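Try each task before reading its solution.

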Amino acid sequence: MRKTCFLILLMLVVFASSPVGLANCLAAAEPPVEGGRLPEINLPVPDNAEEKKYLGLDQESFFRIPQIKADVVIVEMFSMYCPHCQKEAPIVNKLYQAIQNSPALNGKIKIIGIGGGNTPYEVKLFKDRYKIPFALFPDADFSIHQLVGEVRTPYFIAVKINSDGSHRVIYSKLGGFGDPDDFLELIVKKSGLMEGE
Amino acid sequence: MAIKRARLMLFLLAAVIAVQWSSAGGAAEPSGSKIYQTGKLKPIDSQSHLKVGDKAPDFTLPSIEGEKVSLRQYHGKKNVVISFVPAAWTPVCTGQWPGYNIAKEMFDKNEAILIGITEDNIPTLFAWTEEMGGLWFPVLSDFWPHGKVAGSYGVLRSDGTSERAIFIIDKNGTIRYIDVHDINERPRLEVLITELEKLRN
């Protein structure tokens with residue numbers, strides 16, 4: 001009996017210590033943690049044919065982030081009203097270009113943005129103002145923002161998508177990521193993308 | 001002995017959970033955030049006597065650039081959008097004007113100037129807007145006599161801050177749109193722009 005109690009308690013401690021452990025289960029609306037999974041986020045398939053092609057979507061109406069045809073998806077939570085996001089926009093564009101220009105990474109790492117509290121009009125203004133080449137999705141009622149723990153912006157989440165459709169979060173952090181090349185190197189390393197090549 | 005061990009394990013479990021929760025929560029807080037969290041406030045705490053079609057009360061206030069700005073200087077030249085926001089360094093306000101800052105073209109297209117007003121003093125407004133990276137439109141202080149202009153527009157709250165309010169005034173000085181907004185929420189940009197576009201017709 002004593003042994004059983006001890007074992008149960010020990011298992012609880014180990015479970016709680018893991019990054020995807022008890023704390024996460026109890027606090028559903030915390031930001032995604034590295035090693036964990038994304039909450040279920042349904043996004044509308046873009047009307048823009050180029051954006052749809054970039055994301056490699058077969059779906060007609062809605063899709064989930066792990067359904068994007070990529071090995072890694074970088075999600076930027078932003079707001080057009082956030083000056084830090086405005087400053088970060090050209091840097092994220094540079095990251096996009098660095099990926100597109102790399103024969104080894106082009107098509108494997110993709111970026112999307114989600115505008116917390118932003119209407120389609122506000123997201124379009126942000127996209128036009130900073131000439132953002134990838135798809136941005138409005139989240140006018142903050143519903144996605146709430147699912148990802150009401151993070152401040154900009155907030156970047158990178159997700160590794162496995163060939164069997166499963167996924168895991170490999171990066172989840174508040175604030176700008178600094179130098180795009182360094183960040184890309186970090187994402188490649190964390191995803192194990194180039195391993196075995 | 002067994003009870004002691006169980007207590008120890010429970011204590012360890014609680015400590016681990018506490019650490020996990022605090023680190024998870026910490027991720028949502030920006031390091032060095034200067035924004036004061038006000039919590040949810042009474043949505044509207046004033047009663048404006050002004051209505052669409054009224055003459056807009058004139059005013060002259062100091063700007064953070066060091067000059068005085070009057071409403072009448074735009075008479076016959078520009079439509080005027082006045083954006084009252086409650087206070088510097090507070091959550092929604094800090095996320096309102098930076099949005100307008102990248103929408104200058106929309107104001108220009110509609111021959112409009114935007115004027116931002118708060119009840120804070122000039123040094124506070126200067127530091128706050130510098131933190132935003134600077135703004136293209138005049139930012140005026142209604143600090144002294146405290147809230148005189150907000151009062152004349154009927155949007156001074158009982159705590160000395162103003163409502164989150166938008167007034168659109170045409171080139172003739174007539175009020176064409178009033179939005180005394182829920183202080184806890186940001187007005188939609190497209191609503192403001194749509195109202196401005198109506199002035200062209």
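Among contacts in chain A between residues at least 6 apart in sequence, 60% join residues at least 24 apart. Keep in mind that this is a predicted model.

**Exercise 1. Write down the order of secondary structure elements in chain A.**

Step 1: count up. Chain A has 7 helices and 7 strands.

Step 2: read from the N terminus. The order is α-α-β-α-β-β-α-β-α-β-α-β-β-α.

**Exercise 2. Work out which strands sit at the edges of the open sheet in chain A.**

Step 1: get the strand order. The 5 strands are arranged S5-S4-S3-S6-S7 in chain A, and the pairing is mixed.

Step 2: look for strands with a single partner. Those are S5 and strand S7 (167-174) of chain A, so one side of each has no neighbour in the sheet.

Step 3: check the twist. From one strand to the next, it averages 20°.

Step 4: zoom in on one pair. Strand S3 (residues 72-78) and strand S6 (residues 155-161) of chain A run antiparallel and are joined by 6 bridges. Within this pair, Glu76(A) is opposite Phe156(A) in S6(A).

**Exercise 3. Show how the buried residues of H5(A) are arranged around the helix axis.**

Step 1: list them. In helix H5 (residues 120-129) of chain A, the buried residues are Glu122(A), Val123(A), Leu125(A) and Phe126(A).

Step 2: look down the axis. The buried residues of H5(A) fall within an arc of 160°, so they line one face of the helix.

Step 3: find what covers them. The cover includes strands S4 (109-116) and S5 (136-139) of chain A, plus helices H3 (97-101) and H7 (189-198) of chain B.

Step 4: place the helix. H5(A) lies across S4 and S5 of chain A and runs at about 150° to S5(A). After H5(A) comes Lys131(A), with a positive phi near 50°.

**Exercise 4. Find the residues with the most contacts inside the largest nonpolar core.**

Step 1: recall the background. Nonpolar side chains tend to be buried together in soluble globular proteins.

Step 2: The largest nonpolar core has 85 residues, and Val73(A) and Val159(A) have the most contacts inside it.

Step 3: Beyond its neighbours within four places in sequence, Val159(A) contacts residues including Leu38(A), Ile65(A), Val73(A), His167(A) and Ile170(A).

**Exercise 5. Decide whether Ser61(A) is buried or exposed.**

Step 1: locate the residue. Ser61(A) is in the loop between helix H3 (49-55) and strand S2 (62-64) of chain A.

Step 2: count neighbours. Ser61(A) has 7 other C-beta atoms within 10 Å, and the cut-off for exposed is 12 or fewer. So Ser61(A) is exposed.

Step 3: list its contacts. Leaving out residues up to four places away in sequence, Ser61(A) touches Pro44(A) and Val45(A).

Step 4: Because 15 C-beta neighbours lie inside 10 Å, Glu131(B) counts as partly exposed.

Key
Residues are numbered from 1 along each chain as its sequence is written. Chains are lettered from A and ligands numbered from 1 in the order in which they are written. This is a predicted model: local features need pLDDT of at least 70, side-chain atom pairs count only at pLDDT 80 or more; totals for chains, interfaces and linings use all residues. A nonpolar core is a set of buried Ala, Val, Leu, Ile, Met, Phe, Trp, Tyr and Cys residues joined through C-beta atoms within 7 Å. A residue is buried if 20 or more other C-beta atoms lie within 10 Å of its own, exposed if 12 or fewer, and partly exposed in between; C-beta atoms are placed from the backbone. Two residues are in contact if their C-beta atoms, placed from the backbone, lie within 7 Å. Helices (H or I, at least four residues) and strands (E, at least two) are DSSP runs, numbered from the N terminus. The arc is that of the directions from the helix axis to the C-beta atoms. Two strands pair if DSSP finds at least two bridges between them. Axes are lines fitted to C-alpha atoms, for helices over the stretch in contact, and angles run from 0 to 180 degrees between N-to-C directions.
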